[in-house]
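Please look over the model below before reading on.

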Amino acid sequence: MRLLFLLLSLTLAGAALAQQGPGPMPEDPVKALQHRQAAQPGNNNEAWREVRSGDPKYTTTTVRGRETEVAIQSWGDTWRRIRNGPMMFYGGWLLVLVIAAILGLYMWKGPVKLHEPLSGRKMRRFTAFEMTVHWTTAISFCLLGISGLIMFFGKNVLLPVMGYTLFALLTQLSKNLHNFIAPLFIVSVAVMVIIWLRDNVLRSYDWQWFRRAWAFFLRSEHIPSGRFNGGEKAWFWGGVLLLSIIMSTSGLVLLFPNFDQTRWTMQHAWIWHVTAALLYIAAAFGHIYMGTIGVENTYGNMRHGYCDETWAKEHHEIWYREVKSGRREPAGGAVPAGAPHMKEDA
Ligand code: HEM
């Protein structure tokens, strides 16, 4: 009976306490923290105010150096929100919409076609060295792009499908591939810029390509161009040069964190790196489309180094006339007498 009475009074006292709330804020800081957790569960203001106060934290005693006094860096939380919020949302939609636009164009209008039949006579368009540089850049770009996308979107897109074990293996592989292939891409893209710089200088006739680009895609209209047309030049300066510079510098800041850069610097480098990467990948979809199924008879130029004369005349007429008249050397250097740069189809 006495035990029953004791239990009843304890329960009533507990209920009364719960109704009253946790009571006034205690003076002692640890107790104050416990008190806040009881009064407002999930409110971490106190901890974040402490983090952001700038007062030195515990690591000073063990390691010395830049930022070693910052145990929790508060901008890390802001960076995480930017990464998982707008960057993932707009980046994801950018890629999906670009793919949809390309597929839509292909289904609506089909590839850009030649007006005349192929001549069967081939012109040298790229040297073996140019092709090696192009494919080294292209393959390393694809590996960097795929591994980068796995690291960025994988947690939301792949993890739910493949589970933790496989996803952990795949992201680890992606991270290592990304780190080791990046230097190869930087070097090959730098060589590419050097070898194609001269032919990508903008000329007055290129404006016509930009003005008539819609007719090129929608009506397969023939627009006279030099060795590279306006669209290729935009890809060269905007993508290959500008975006590669942004990606390479920000990537090196992230790849070698041992140059005393702060976490803030690396978080900003990450934002530049991934923004440029998403734009670069979206633009590369356009380039890959035009180099494969988007413009008839183009893929072989970079695969074998030769283009058909009809293709050259219809897509790069100024270059075609320069080469035919001997005013410029075809790719690969001077044409030996009697054995011009052309090659007949078997
Ligand atoms: C992986 C798929 C790719 C394919 C199938 C592809 C295909 C082609 C083809 C067929 C050409 C020759 C076009 C012509 O004869 O005018 C070309 C040119 C070129 N490609 Fe690619 N490419 C790919 C990726 C890349 C990447 C990733 C880059 C750069 C990061 C790149 C940069 C270039 C450049 C700079 C040119 C010369 C035209 C110019 O100056 O803009 N390509 N590509």
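Helices (H or I, at least four residues) and strands (E, at least two) are DSSP runs, numbered from the N terminus. This is a predicted model: local features need pLDDT of at least 70, side-chain atom pairs count only at pLDDT 80 or more, and totals for chains, interfaces and linings use all residues. Residue numbers start from 1 along each chain, as its sequence is written.

**Overall picture**

The chain has twelve helices and three strands. pLDDT is the predictor's confidence in each residue, from 0 to 100. Its mean over the chain is 88, and 87% of the residues reach 70 or more. Residues 334–341 stay under 50. For that stretch the model has nine contacts beyond four places in sequence. Two residues are in contact if their C-beta atoms, placed from the backbone, lie within 7 Å. Take the contacts between residues at least 6 apart in sequence: 70% join residues at least 24 apart.

Burial is a neighbour count. A residue is buried if 20 or more other C-beta atoms lie within 10 Å of its own, exposed if 12 or fewer, and partly exposed in between; C-beta atoms are again placed from the backbone. Of the 346 residues in the chain, 20% are buried. Just after α3, Gly54 takes a positive phi of about 85°.

**Helices α5 and α6**

Two packed helices are described by the angle between their axes and the distance between the axes. Here, the axes of α5 (residues 128–157) and α6 (residues 159–196) come within 6 Å and cross at roughly 150°. Axes are lines fitted to C-alpha atoms, for helices over the stretch in contact, and angles run from 0 to 180 degrees between N-to-C directions. The crossing of α5 with α6 is left-handed, meaning that the near helix is turned anticlockwise from the far one by less than a right angle. The residues of this contact comprise 18 nonpolar, eleven polar and three charged. Ala, Val, Leu, Ile, Met, Phe, Trp, Tyr, Cys and Pro count as nonpolar, Asp, Glu, Lys and Arg as charged, and the others, Gly among them, as polar.

Asn179 is in helix α6. Asn179 counts as partly exposed because it has 13 C-beta neighbours inside 10 Å.

**Ligand shell**

Which residues are closest to the ligand? They are Ala138, Phe141, Glu232, Gly291 and Asn301, out of 24 that surround it. A residue is near a molecule if its C-beta atom, placed from the backbone, lies within 6 Å of it. α5, α6, α8 (230–255), α9 (263–294) and α10 (299–304) each give two or more residues to the shell. By class, the shell has 14 nonpolar, eight polar and two charged residues.

**Pairs apart in sequence**

Ala213 is in helix α7. Ala213 is partly exposed because 16 other C-beta atoms lie within 10 Å. The table gives C-alpha separations.

| Pair | Apart in sequence | C-alpha to C-alpha |
|---|---|---|
| Asn179 and Phe256 | 77 residues | 10.0 Å |
| Ala213 and Gly230 | 17 residues | 8.7 Å |

**Positive phi in loops**

Most residues other than glycine have a negative phi. Ser220 has a positive phi of about 50° although it is not a glycine. Ser220 sits in the loop between α7 (206–219) and α8. With 17 C-beta neighbours inside 10 Å, Ser220 is partly exposed. Asp260 also has a positive phi, near 70°. Asp260 lies in the loop between α8 and α9, and its 9 C-beta neighbours inside 10 Å make it exposed.
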